There are 2 protein chains.
Amino acid sequence: MAATIEFYWDAVSPYTYLASTQIDAVAARHGARVQWKPVLLGGVFEASGNKPPISVPAKGKYMGRDLKQWAAHYGIPFAFPKNFPASSLAAQRVACALPEAQVGAWAQATMNAYWGRGDDISQPDTLKALAAGLGLDGDALLAQTQDPAIKERLKQNTAEAVERGAFGAPTFFIGKIMFWGNDRFALIEEHLARSAT
Amino acid sequence: MAATIEFYWDAVSPYTYLASTQIDAVAARHGARVQWKPVLLGGVFEASGNKPPISVPAKGKYMGRDLKQWAAHYGIPFAFPKNFPASSLAAQRVACALPEAQVGAWAQATMNAYWGRGDDISQPDTLKALAAGLGLDGDALLAQTQDPAIKERLKQNTAEAVERGAFGAPTFFIGKIMFWGNDRFALIEEHLARSAT
């Protein structure tokens, strides 16, 4: 049976953007599928007691260059957004409103916009344009972000991630094994290769 | 001119142990030399406002498995020491007392002992045995750990690392460019390859 990589993501996280540009190729190399699970990183931090990297000034400064180096390594665009951290609440709720098969495309569209081009994903117009680009009805999706069931789904995903051990993003699960960070693909691939034999 | 990789290390750090097992091969692939700079990680944390990973319970739990996965990936021994965090003060001061050409061997000996075998490097007898294994006079070196000039050198190395932007370990510098973590070798190698052209 093909392995599933569960990918807990929040578009506000730059390291999640980096990982989102690689995950399809990683999965393809091992015949695995990716299950995209939207969360709110702020909720993960709050529940786990972890803090964002920028809360340590030296770490925040390092992160700025580190992200650019990773983007160059991957050969992908990178633009640190003027609005950071922007609220990703609506973007993450839209993800909860979509059928599962469309969540990955939405995740990548929002992160490519926010981290690849610096677009402000807290703005409804930005999200509507992204939806239109995917052939989706942005007005209907934004209306759904006020649906209590959708709000609850995002909270549940976040609580689920924390309960399973997450404290940051990106967080991946293959079965019960958790991997944290854009810098764990070597271990993820080794695990997938070993599991396949 | 051959590039120099400055490697700020403290034997108490498990990710520094992981990196210490790879750095010679990384340097050799690019004709670079490694300059080992002993610091006290506790001092780096204190000055930068960063905290050890185990201060977030979920991160500490993850770290236990993550370290084993890295060790398997590298094919190196790993034994989480019973005494953790042990004081590495004497081990780091010994490093400051050694001629520069011997610091790397001492760093690797102490980390192989602490993280490869779980030996308690806070104990003078452990350090004496490690010194003997390297053909060094352990009694003389331990006596030097009380020398005010040696104590000061360790403080200065630590302050220098923080001043340059360090907030954790392992921290590497190639010229002014800082790299943090055992998981940055791909970026380090890319930087070395680019600098060589």
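1. Helix α5 of chain A (residues 89-97) is mostly covered, with seven of its nine residues buried; buried means under 20% relative accessible area, exposed over 50%, with a 1.4 Å probe and protein chains only. The buried residues are Ala91(A), Gln92(A), Arg93(A), Val94(A), Ala95(A), Cys96(A) and Ala97(A). Their cover includes β1, β2, α6, α7 (124-133), α8 (138-144) and α9 (148-163) of chain A, where contact means heavy atoms within 4.5 Å. Helices (H or I, at least four residues) and strands (E, at least two) are DSSP runs, numbered from the N terminus.

2. A word on the ground rules, since you will want them: this is a predicted model, in which local features need pLDDT of at least 70 and side-chain atom pairs count only at pLDDT 80 or more, while totals for chains, interfaces and linings use all residues. Residues are numbered from 1 along each chain as its sequence is written, chains are lettered from A and ligands numbered from 1 in the order in which they are written, and side-chain values use heavy atoms, leaving out hydrogens and water.

3. Now to the sheet of chain A. Its four strands form an open sheet in the order β2-β1-β3-β4, with mixed pairing; two strands pair if DSSP finds at least two bridges between them. Strands β2 (33-38) and β4 (177-180) of chain A stand at the edges with a single partner strand each, so one side of each has no neighbour in the sheet. On average, neighbouring strands are turned by 25 degrees against each other, direction ignored.

4. Strand β3(A) (residues 171-174) runs antiparallel to β4(A), and four bridges join them. Ile174(A) has Ile177(A) as its bridge partner in β4(A). Helix α6 of chain A (residues 100-116) packs on the sheet, touching β1 (4-9) and β2 of chain A, and its direction makes about 70 degrees with that of β2(A). Axes here are lines fitted to C-alpha atoms, for helices over the stretch in contact, and angles run from 0 to 180 degrees between N-to-C directions.

5. Over in chain B, have a look at helix α9. Ile150(B), Leu154(B), Asn157(B), Thr158(B) and Ala161(B) are buried in α9(B). They cover an arc of only 95 degrees around the axis, which puts them on the same side of α9(B); the arc is that of the directions from the helix axis to the C-beta atoms. On the other side of α9(B), Pro148(B), Lys155(B) and Glu163(B) are exposed.
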